[in-house]
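Open the model in your viewer and keep a selection tool at hand.

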Amino acid sequence: MTQFLQQMINGLSIGSVYALMAVGYSLVYSIMNFSNFAHGGVIMLGAYFGFYFLAVFKWPFAFAFFGAALGSTVLAVLLERVAYKPLRMRNAPFLYFIISAMGASILIENFVIATIGPTFKTYPQVLSREPFQIAALFIGRLDTMIFITSAVCLALLVYFIDFTKVGKAIRATAFNARVSALMGINTDMIIILVFAVGGFLAGVAGVLFGMKYTVYPQIGAVTIKSFIAAVFGGLGSLPGAVIGSVILGLLETLISGYFSSQFRDLISFSLLIIILVLRPIGLMGKPSEEKA
Amino acid sequence: MFKRPKRCVVTLLCLVLCLTLGISAALAAEQAKTVKLGWIGSLTGDQAVWGQCELNTVKMLAEELNDAGGLLGAKIEVIGYDTRGDAMEAVNCVRRLTGQDKVVCIIGPNASGQAIPISSILEEMKVPDIATVATNPKVTVVDGKTKPFNFRVCFIDPYQGAVAAGFAFDVLGLRKAAVLYDVADDYSQGLTEFFVKTFTEKGGTVVAKEAFKFGDTDFRPQLSKIKAANPDLIFMPYFFKEVALSSNQARELGIKCTLMGGDGWPSEVLIEMAKEAIEGSYVVNHLDFDDPDVMDFKARYIKKYNRQVELNGFLAHDAFLMFVDAVKRANSFDPVAIKNALETTNVKGITGTIRIDKDTHNPEGKEAAIIKIVDGNYIFQQKYAP
């Protein structure tokens with residue numbers, strides 16, 4: 001029983017990092033109907049920003065954390081302007097967006113390898129490694145912080161999308177971009193905003209990831225899992241992305257814990273495929289013609 | 001205006017030429033008792049520091065030997081070529097050493113990637129080679145077949161697993177072990193296999209054996225499972241980044257038992273990332289720089305070259321020792337006779353006793369250095385062979 005509860009805690013903590021990353025994929029998808037594969041690159045750069053602010057410039061933690069999030073925000077918007085806007089202006093097919101995104105993602109990764117280097121960097125230790133202990137359960141301080149930060153960020157995001165005027169405009173654009181434009185919504189601004197929000201969350205996710213697991217150019221291997229979680233939860237749906245991520249996190253831990261860690265990816269991804277075959281729009285997705 | 005050179009000048013020049021030729025011929029006759037020993041390794045590139053140290057070591061030892069009267073009455077001349085860390089270049093170097101320079105034996109290279117492809121040339125030219133720090137099993141044995149002219153002075157990677165198991169059982173007195181390993185890595189798998197085999201043969205129990213895949217960053221599911229099995233020791237045969245992450249996570253889960261690892265551990269980064277988590281852990285390595293046995297050589301080297309000895313230098317020292325011992329026992333400089341003598345090597349080197357197994361061409365049962373992490377420092381404990 002103790003082991004089961006401990007594994008649930010492990011799963012939740014892994015899932016909450018996935019969730020922060022997954023909502024970025026979902027947000028962009030809901031507006032632009034394509035998968036922004038360069039999101040992983042923005043997360044990685046966010047982690048590097050955090051590292052440099054903390055370890056090299058010696059900023060206080062809160063500043064470094066916020067600075068990294070802002071840095072990623074700027075970067076995500078820049079990415080949209082450079083890689084996607086020209087395509088949008090020419091009404092290019094969605095496939096072109098995906099190719100452009102993949103190109104940007106490879107470019108960012110290699111840029112970091114060429115300039116900063118391929119080896120990993122270690123964040124200075126911010127929180128004590130002494131875990132909280134409740135009965136026989138151990139909960140890491142950093143994990144608690146990651147979980148709370150993720151939950152707060154996601155709650156704020158839901159509030160922003162569901163209860164503010166701008167959020168309403170985003171939802172309207174997601175529903176039908178052309179009609180919303182006719183109704184006087186500046187869809188170009190909405191797209192920038194969505195990338196900015198996605199970028200901010202990417203920065204937060206990057207720093208949290210870096211603190212827990214170090215920073216390296218190939219973080220993409222983890223972000224791709226969060227992408228899959230987003231698809232599983234239903235691309236375009238925020239609650240779906242969060243639930244999909246938590247389920248993937250729990251699934252991974254329970255399989256490693258009770259079956260075999262070697263089969264973890266095999267089994268968890270087979271299950272995901274089965275669910276998608278039975279329900280192609282994902283757990284909470286809205287029906288959509290194109291899924292990329 | 002052009003003046004013909006005077007006849008007497010021409011004669012003089014001819015005379016000088018003849019004299020020089022005569023003297024060099026005489027010198028050549030004098031040096032007939034010189035025997036050539038080849039060395040290959042990286043003198044440029046990433047591994048240049050290690051290669052340079054090896055060549056320095058071999059040259060120094062040859063000089064010392066020559067000053068002391070040489071080997072079987074002959075002087076040893078060391079010829080070293082740069083492989084630039086490249087497998088193709090290593091093959092070329094061996095071709096030159098065996099074809100053109102006619103060396104009787106080759107020491108090096110320092111990496112498995114270069115030591116593996118040279119065997120076909122060695123077999124063609126029938127010259128033995130003693131690799132220094134090439135730890136991949138395939139350097140001497142491929143598909144169960146021993147390569148006749150390849151030898152090595154270091155122990156193979158997986159052997160560290162056996163050392164760790166023996167040390168944990170016999171010296172630390174631990175009886176329940178768990179292993180966490182990288183399923184996608186030969187090195188990690190080899191160490192795990194030998195660890196489990198030795199530990200169970202000695203009478204211990206392996207209570208959990210959990211795997212992860214290279215690239216993973218979270219090990220808590222596996223560690224929680226290990227924790228439930230309540231081991232006295234967790235063996236972690238992989239590299240320092242994963243060691244740092246997994247040891248931190250183990251402590252976060254409240255696991256308090258001893259941790260142990262192989263030569264993938266020693267690194268300043270590991271201390272920086274996981275100082276508290278790995279305190280009191282044990283590491284198995286080829287040798288330790290503070291081992292009393294290596295002190296004499298270290299002092300001689302530093303005196304001559306005024307710089308520190310790298311790990312490779314110590315192993316090059318013992319490779320040279322193996323060569324000298326084999327020549328003495330063969331009582332000949334014939335490469336094939338040296339090869340046959342190498343197969344029955346049993347000498348005490350500074351890195352441990354080197355007893356070559358005829359069937360594997362590896363030093364079997366060689367002692368490894370056991371190092372303990374105390375206050376963020378790697379402290380030498382003892383030499384140990386299972």
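Select H9(A) and H10(A): their crossing is right-handed (left-handed would need the near helix turned anticlockwise from the far one by less than a right angle, right-handed clockwise). Helices (H or I, at least four residues) and strands (E, at least two) are DSSP runs, numbered from the N terminus. The model is predicted: local features need pLDDT of at least 70 and side-chain atom pairs count only at pLDDT 80 or more, while totals for chains, interfaces and linings use all residues. Residues are numbered from 1 along each chain as its sequence is written, and chains are lettered from A and ligands numbered from 1 in the order in which they are written.

How do the axes of H9 (220-233) and H10 (238-258) of chain A cross? They come within 7 Å and cross at roughly 120 degrees; axes are lines fitted to C-alpha atoms, for helices over the stretch in contact, and angles run from 0 to 180 degrees between N-to-C directions. H9(A) is therefore oblique to H10(A) (under 35 degrees is roughly parallel, over 145 roughly antiparallel, 65 to 115 roughly perpendicular and the rest oblique).

Show the side chains of this contact next (C-beta atoms, placed from the backbone, within 7 Å). H9(A) contributes A:Lys225, A:Ser226, A:Ala229, A:Ala230, A:Phe232 and A:Gly233. From H10(A) come A:Gly240, A:Ala241, A:Ile243, A:Gly244, A:Ser245 and A:Leu248. By class there are six nonpolar, five polar and one charged residues; Ala, Val, Leu, Ile, Met, Phe, Trp, Tyr, Cys and Pro count as nonpolar, Asp, Glu, Lys and Arg as charged, and the others, Gly among them, as polar.

Move to chain B and select the open sheet of seven strands, in the order E9-E8-E10-E11-E12-E15-E16, with mixed pairing (two strands pair if DSSP finds at least two bridges between them). E9 (205-212) and E16 (377-384) of chain B stand at the edges with a single partner strand each, so one side of each has no neighbour in the sheet. From one strand to the next the twist averages 25 degrees.

Within this sheet, zoom in on E10 (233-235) and E11 (258-261) of chain B, which pair in the parallel sense over three bridges. B:Ile234 has B:Leu259 as its bridge partner, and B:Phe235 has B:Met260. Helix H8 (220-229) of chain B packs on the sheet, touching E8, E9 and E10 of chain B, and its direction makes about 175 degrees with that of E9(B).

Follow the chain onward from E10(B). E10(B), H9(B) and E11(B) make a right-handed β-α-β unit (with the strands pointing away from the viewer, the path from the first strand over the helix to the second runs clockwise). E11(B), H10(B) and E12(B) make a right-handed β-α-β unit too. Two bridges join E11(B) to E12 (282-285) of chain B in parallel, with B:Met260 opposite B:Tyr282.

Now select the open sheet of five strands, E2-E1-E3-E4-E7 of chain B, with parallel pairing. E1 (34-41) and E3 (105-107) of chain B are joined over three bridges; B:Trp39 has B:Ile107 as its bridge partner.

Finally, show both chains: the contact takes 25 residues from chain B and 22 residues from chain A. On the side of chain B, E9, H8, H9 (240-252) and H10 (268-274) of chain B each give two or more residues.

Definitions and conventions
Two residues are in contact if their C-beta atoms, placed from the backbone, lie within 7 Å.
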